[in-house]
Amino acid sequence: MYFGGLLILSSCVQAQHKPVELTEVPSVITNPDNYRELTEFEAYVIINKGTERAFTGAYHKNKEAGIYLCKQCNQPLFSSETKFDSGTGWPSFDDIIEDNVTELPDADGRRTEIVCSNCDGHLGHVFKGEGFTSKQTRHCVNSASLNFVARKKG
Ligand SMILES: [Zn+2]
């Protein structure tokens, strides 16, 4: 019985996020026909604007130096230098890479949605004035929307 529970839990977690192991920053995919294939859960987040459960993603605890890319099109979105531990259970960044993240009014009429400026993939939401960092900005991002490329050492 106990084992059964563990197996169900682990297959569930794997289905939710499948970090792709990348060693180089790949080129941005501009043709929608060539976007990276998404798992069912990734599509739920990126296409249907879903939200992964807090503390379940691959990157909320990641402290490695590197770049976070859009899972669907490889566009660089966030740098590890702007990542901070918000304690919310989602990767949190107080800045974006240049113009690569677009802010939109959320369908809920209250929050501000953030999407990849190249493929319009849903990333999460941006919150301002919370006092976490001097920039007063928290980009709250689903790990499922991201791939991470660690900076080469040495
Ligand atoms: Zn994208």
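Student: Leaving aside its neighbours within four places in sequence, what is Q136 in contact with?
Tutor: In this predicted model, Q136 is in contact with K128, G129, E130 and G131, once neighbours within four places in sequence are set aside.

Student: Where does Q136 sit?
Tutor: Q136 is in the loop between strand 7 and strand 8.

Student: Is Q136 buried or exposed, and why?
Tutor: Q136 is exposed, because 12 other C-beta atoms lie within 10 Å. The cut-off for exposed is 12 or fewer.

Student: How far is Q136 from D94?
Tutor: Their C-alpha atoms are separated by 7.2 Å. Along the chain, Q136 and D94 are 42 residues apart.

Student: What joins strand 7 to strand 6?
Tutor: There are 4 bridges between strand 6 and strand 7, and the two run antiparallel. E113 has H125 in strand 7 as its bridge partner. The two strands form a hairpin with 5 residues between them. In that hairpin, D120 has a positive phi near 65 degrees.

Student: And strand 6 with strand 5?
Tutor: That pair is antiparallel too, over 5 bridges. E103 is bridged to I114 in strand 6. Strand 5 and strand 6 also form a hairpin, with 6 residues between them. G109, in the turn, has a positive phi of about 75 degrees.

Student: So what is the strand order in the sheet?
Tutor: The order is 3-4-8-7-6-5. This is an open sheet of 6 strands with antiparallel pairing.

Student: Which strands are at the edges?
Tutor: Strand 3, residues 83–84, and strand 5, residues 101–105. Each pairs on one side only.

Student: How many bridges link strand 4 and strand 8?
Tutor: They pair over 2 bridges, in the antiparallel sense. Strand 4 covers residues 92–93, and strand 8 covers residues 137–141. F93 stands opposite H139 in strand 8.

Student: Switching to T112. Where is it?
Tutor: T112 is in strand 6.

Student: How exposed is T112, and why?
Tutor: T112 counts as partly exposed, because it has 13 C-beta neighbours inside 10 Å.

Student: What does T112 contact, leaving aside neighbours within four places in sequence?
Tutor: T112 is in contact with E103, P105, D106, H125 and V126. As for K128, its C-alpha is 9.7 Å from that of T112, and the two are 16 residues apart in sequence.

Student: New topic: the largest nonpolar core. Which residues touch the most other members?
Tutor: L77 and C116, in a core of 20 residues. Strand 1, strand 2, strand 6, strand 7, strand 8 and strand 9 each supply at least two residues of this core. Strand 1 gives the most, with 3 residues.

Student: Why would nonpolar side chains be buried together?
Tutor: In soluble globular proteins, they tend to be.

Student: What does L77 contact, leaving out neighbours within four places in sequence?
Tutor: Its contacts include Y68, L69, C70, C116 and L123. Others among them are I96, I97, N100 and V101.

Student: Big picture: how many helices and strands?
Tutor: The protein has 2 helices and 9 strands. From the N terminus, the elements run α-α-β-β-β-β-β-β-β-β-β. Of the 154 residues, 29% are buried.

Definitions and conventions: Residues numbered from 1 in each chain as written. Predicted model: local features only at pLDDT ≥ 70, side-chain atom pairs only at ≥ 80, totals over all residues. Pairing = 2+ DSSP bridges. Core = buried A, V, L, I, M, F, W, Y, C linked by C-beta atoms within 7 Å. Contact = placed C-beta atoms within 7 Å.
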